[in-house]
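Please keep the sequence and the model in view while reading.

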Amino acid sequence: MFLLLIKLATYAAAVAAQVDSSSPFSFTSKGNPILSNGSWYSGDPAPLVVNDTLYIITGRDSAPPDENAFVMNQWGMLASSSANPEGGTWTLYPDVADPQAVFAWAEPGSAYAAQVVQGHDSRFYMYAPVTQADSANEDAFAIGVAVSDSPTGPFQDAHPSGPIISQSVPPPGNTIQNIDPTVLVDDDGHVYIYFGTFGQLLGYQLDPDMVTVASNVTQVTSLTGYFEAPWLMKRQDVYYMLFAANNAGADSPCTPTSYHACIAYGTASSPMGPWTFQDVILPIVSSTTSHPGAVEWNGEWYLVYHTADAVGGGHFRRSVAFDKLIWDDSQAPAKINVVQQTFGPKSPSPPTHNVAPRAVASSVHSTPIQYWVQALNDGIIRENPLPPDYWCSYEATDSPQTSTLVYTWNETVQLNGTSMVFFADHAAGANEGVAPPQEWYIEYKDGSGTWQRAANTSSYPLEVTDTPDVVAFETVDTVAIRAILVASGAQGQYAGVGVKEWEALSTTLHSY
């Protein structure tokens, strides 16, 4: 065993050394995400096929585990000539471009969603959002273009005088954040670019030189739920626009919270629209953001996207995945079917007394739109969570005094304990923000359907910790329990209560 541990440590160190260098190296993927061991995180993928090889440019996510911000200092490239979603051999080019090295007018960092396309001259053009140095614009993000003779670089600035798009160019400029460019070189040689985030989507035609804007701006407002991450493509004379959608609400087709995004698409008969919304093709994934790219490779279509599913992954430590994209040609225009997300093999979880994952979680009162009741039993406890990583009752000055969370099973379970991981950004006793509850307790539904208070044999802890003490209570047989949470505060002003995870403990061990 000791020798095995030494070998594993040596392998991990070797992998870390490889990804921290700029030299490409090959690895064998066992499924999604493509690189799943947590050695190199990547987001915002954009695929390109050249000579039967699939290339995926992606920004490297370098944020520490507890940092809720994008730290992206370089672009890398994944490449394979034979892999599929179930696995295969890939080559990672860890550093194909750095913003400030390619664009002399750019600040370091902010290596956000870029795309590489092959121009009519057979050269490769990288469209990249970067932060413009010494910008006088309200928002300094701008889109530059770099060029190379190879899809993996080296790239040099194709427009050294500055960005081709920003809040001030082309005149009269715009007021949006200019990121997430997507580019299509059409069959007739015409070139089109779309870009934009936070619900804003703009487009232009470009000259054949790939850098000069050649049309008036087109503003797209007809793609329901559009948030960011457009992907422009063409199939059988129909233009498709894939995008990350966020139209959270009770009637949302895909986004249960305001932080989530799904992948949807629209169609048009012309590259500049008008665009017609069609459908959702990928529900929310494990990362709050989602970013599509689609491509035909070796006779099949694939959707490329990112998740938080790698070892040590998170919302700012994402990893690229890809799955088959299936067309329904019985409809006109051809419909994209819902993509079936696949996952590589995972080590089995140890047996547990916690049966909460088998329950349906709900809240008696409505949950504010930024929080997610399903986070209660997802098995994920983040040190520095975003709002959808936990349930919360916080509604500013309207936070309720009492909240009730419910677990319901479709069969009888035998329980004798519980635990609750609280989230708080204010101290105990506060009447604002999110604070530990003043008190909480468990009730269970008896055989007649009546709620009864569980007879606890240990106290209900109020400490904010990711490893809370277990509350033991006398064994009950039930199909539902509920947690009554009483918020701190008084006289109509109460803090919110936040819960990262809530365990319901059975008398027997279970495997999932």
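How many disulfides does the count come to by the rule of a pair of cysteine sulfur atoms within 2.5 Å? The count comes to one disulfide. This is a predicted model, in which local features need pLDDT of at least 70 and side-chain atom pairs count only at pLDDT 80 or more, while totals for chains, interfaces and linings use all residues. Residues are numbered from 1 along each chain as its sequence is written, and side-chain values use heavy atoms, with hydrogens and water left out.

**Confidence.** Over residues 1-14 pLDDT stays under 50.

**The disulfide.** Cys 254 and Cys 262 are joined with an S to S distance of 2.0 Å. The torsion about their S-S bond is about -55 degrees, so the disulfide is left-handed. Cys 254 and Cys 262 are both buried, where buried means under 20% relative accessible area, exposed over 50%, and partly exposed in between (1.4 Å probe, protein chains only). Cys 392 is buried as well, with a relative accessible area of 0%.

**Strand β16.** Strands (E, at least two residues) are DSSP runs, numbered from the N terminus. Strand β16 covers residues 262-268, and seven of its seven residues are buried, so this strand is largely enclosed by the rest of the structure. Cys 262, Ala 264, Gly 266 and Ala 268 point one way from β16, whereas Ile 263, Tyr 265 and Thr 267 point the other way. Two strands pair if DSSP finds at least two bridges between them.

| Partner of β16 | Sense | Bridges | Residues standing opposite |
|---|---|---|---|
| β15 (residues 238-245) | antiparallel | seven | Tyr 239 and Ala 268 |
| β17 (residues 276-282) | antiparallel | five | Phe 277 and Gly 266 |

**Thr 91.** In which strand is the place of Thr 91? Thr 91 lies in strand β5, which covers residues 88-97. Its side chain makes a polar contact with the side chain of Ser 26 at 3.0 Å; a polar contact is a pair of N or O atoms within 3.5 Å, and within protein one must be able to donate a hydrogen and the other to accept it, while residues adjacent in sequence count only if both atoms are side-chain atoms. Not counting residues up to four places away in sequence, Thr 91 touches Pro 24, Phe 25, Ser 26, Met 77, Leu 78 and Ala 79.

Technical notes
Disulfide = S-S within 2.5 Å. pLDDT = per-residue confidence, 0-100. Contact = heavy atoms within 4.5 Å. Helix = DSSP H or I, 4+ residues; strand = E, 2+ residues; numbered from the N terminus.
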